[in-house]
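Good morning, and thank you for coming.

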Amino acid sequence: MSVGSLRAPLTTAAIALVFATGCGDPAVPDVPLVTSIRVTPASVQLSRPGDTARVSATALDQTGSPMAGEAISWSSSDAGVADVSDAGLVTAVGFGSTSVTATHGAISASVAVTVDSTPPPSATELLATLSSPWGIAQLPDGRFVITEKGGSFALVGAEGNSVLATIPAPFPVHASGQGGLLDVAVDPDFATSSRLFWTFSEPGVGAEAGTYGTAVARAALVGDALQDAEVIYRQHPKTGGTGHYGSRLVFRGDGTLFVTLGERQLGDPAQDITGTLGKVVRIHPDGSIPEDNPRRPGWAPEIWSLGHRNPQGAALRPGTDELWLVEHGPQGGDELNRVQPGMNYGWPVVSYGCPYGSPVGDSCRIGGGTHAPAYEEPVAYWVPTSTAPAGMIFYDGTRFPAWQGNVLVGALAGRTLWRMALDGDAEAAREELFSDLGERIRDVHQGLDGWIYVVTDSGRFLRIGY
Ligand SMILES: [Ca+2]
């Protein structure tokens, strides 16, 4: 029973008593009753067993006035986490969460207690002047390379708070709608090659004029200049429209490169095995195609997986060669997928989302929602509202021990950072972080220093730390 639910009827009773007295009835003494208990603070955070904190409780009468001398006792709901004395001294015993409760008769109020050696993380603004940043990469010396959708690379100092140079993209980008200069990745062999790889929406020329597609390029970063630039891969066919380029780059442990490719907002081509709309492709860093791709009959040889809609976040699961990705659903149905070679992830045949404009509910799910047995089930999905996932990592640093192995995903429409815990290959829990920022989070990066870095559509570069 909550304190709030008790307060209302007793207050009404008190008003009735005053009214009765005012009407000249025999005086009924308006005896102060303990009606609620006020506790402070609302919550207590302790770092380790043995740490202490004071909590206090005050009895309040029906008018909300403090009442002196009323006996209030304290108790802990989990004495294995924290104990509390009758005087209100909270002592941490173990790690976890509990509450301590002040009680007077049937009236009580609680203080949340957390014992956690990890203080709550906070976001620090490093830059606020980027222009539609899209991808974050980091050089071995700690400097960051951040793409700006309009067509430039911001070279950012290792402290994250200064733009050292702005480098134009060597090839024209179609910076319109969702297109432009998109992701960036550092060659695992950067120490010898000095190479950056990037994706962009490439405008067609000649017979392809007026059409666009995702392309992958590379160049050597020499000082503040990009040299020996070359396009190494082109999504095919190019199409009209400016949506769903996908576009994340992820190096596999064997040195090959995954590229996530959107279906250009056209649906059906995600199932067309001759083209690379709505696919993950795997290439060598020179653009040639590995012999050990699935290479099913009739497939474009670079196809790794198919049936994707608009995958805007991707990462390797630490300790494996498994690519995981997040992709946008239609109205609801955004997915976290564990990508297996040769597998079909179902779009546009099946989705936990609904056609745009459908009433909210499950009955409108495209193809009934459930992917199995014909298609791969997502590990997790978002319904009924799309969060629009963009940018993802598996956290494997030491700065946030509680987040080890978790998936962190930025959200555009959702304006949040999702933290998802896994149990094996299944989702165990998810929570939203930093929703109070109100930012469309476009990319997430684990720094060489173990902190987490994000960019937002509003142009901010933020470090998540303590
Ligand atoms: Ca799917």
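Let us begin with M392, which stands opposite V409 of strand 29. Strands and helices here are DSSP runs, with E for strands of at least two residues and H or I for helices of at least four, numbered from the N terminus. Before going further, please note that this is a predicted model, in which local features need pLDDT of at least 70 and side-chain atom pairs count only at pLDDT 80 or more, while totals for chains, interfaces and linings use all residues. Residue numbers start from 1 along each chain as its sequence is written.

The pair belongs to a wider arrangement. Strand 28, residues 389-394, is joined to strand 29 by 4 bridges, and the two run antiparallel. We say that two strands pair if DSSP finds at least two bridges between them. Strand 29 also pairs in the antiparallel sense with strand 30, residues 416-423, over 5 bridges. There, V407 stands opposite M420 of strand 30. Strands 29 and 30 form a hairpin with 4 residues between the strands, and R415 takes a positive phi near 45° in that hairpin.

Is strand 29 mostly covered or mostly exposed? Strand 29, residues 407-411, is mostly covered, with 5 of its 5 residues buried. By buried I mean that 20 or more other C-beta atoms lie within 10 Å of the residue's own; exposed means 12 or fewer, and partly exposed lies in between, with C-beta atoms placed from the backbone. In a regular strand the side chains alternate between the two faces of the sheet. In strand 29, V407, V409 and A411 point one way, L408 and G410 point the other way, and all are buried.

Leaving aside residues up to four places away in sequence, L408 touches M392, I393, Y395, L417, W418, R419, V444 and I452. A touch, or contact, requires the C-beta atoms of two residues, placed from the backbone, to lie within 7 Å.

I turn now to the chain as a whole. The protein chain is divided into domain 1, residues 3-115, and domain 2, residues 122-465. These bounds come from an automatic or database domain assignment. The centres of the two domains, taken over C-alpha atoms, are 51 Å apart. Along the principal axes, the C-alpha atoms fill a box of roughly 100 × 50 × 40 Å. The radius of gyration of the chain is 28 Å, whereas a compact globule of 466 residues would have one near 23 Å. That radius is taken over C-alpha atoms, and the globule rule is 2.2 Å times the number of residues to the power 0.38. The chain has 2 helices and 34 strands, and buried residues make up 40% of its 466 residues.

In one, 4 strands follow the order 24-25-26-27 with antiparallel pairing. Strand 24 (311-316) and strand 27 (380-382) stand at the edges with a single partner strand each, so one side of each has no neighbour in the sheet. Strand 26, residues 334-339, pairs with strand 27 over 3 bridges in the antiparallel sense, and the bridge partner of E335 in strand 27 is Y381.

The other sheet has 3 strands in the order 3-8-7, also paired antiparallel. Its edges are strand 3 (52-54) and strand 7 (82-84); each has a single partner strand, so one side of each is left without a neighbour in the sheet. Strand 3 is joined to strand 8, residues 89-92, by 3 bridges, and T52 has T91 as its bridge partner in strand 8.

Finally, consider H104, which lies in strand 9, residues 96-104. Why does H104 count as partly exposed? The reason is that H104 has 18 C-beta neighbours inside 10 Å. H104 and A92 are 12 residues apart in sequence and 24 Å apart in space, C-alpha to C-alpha.
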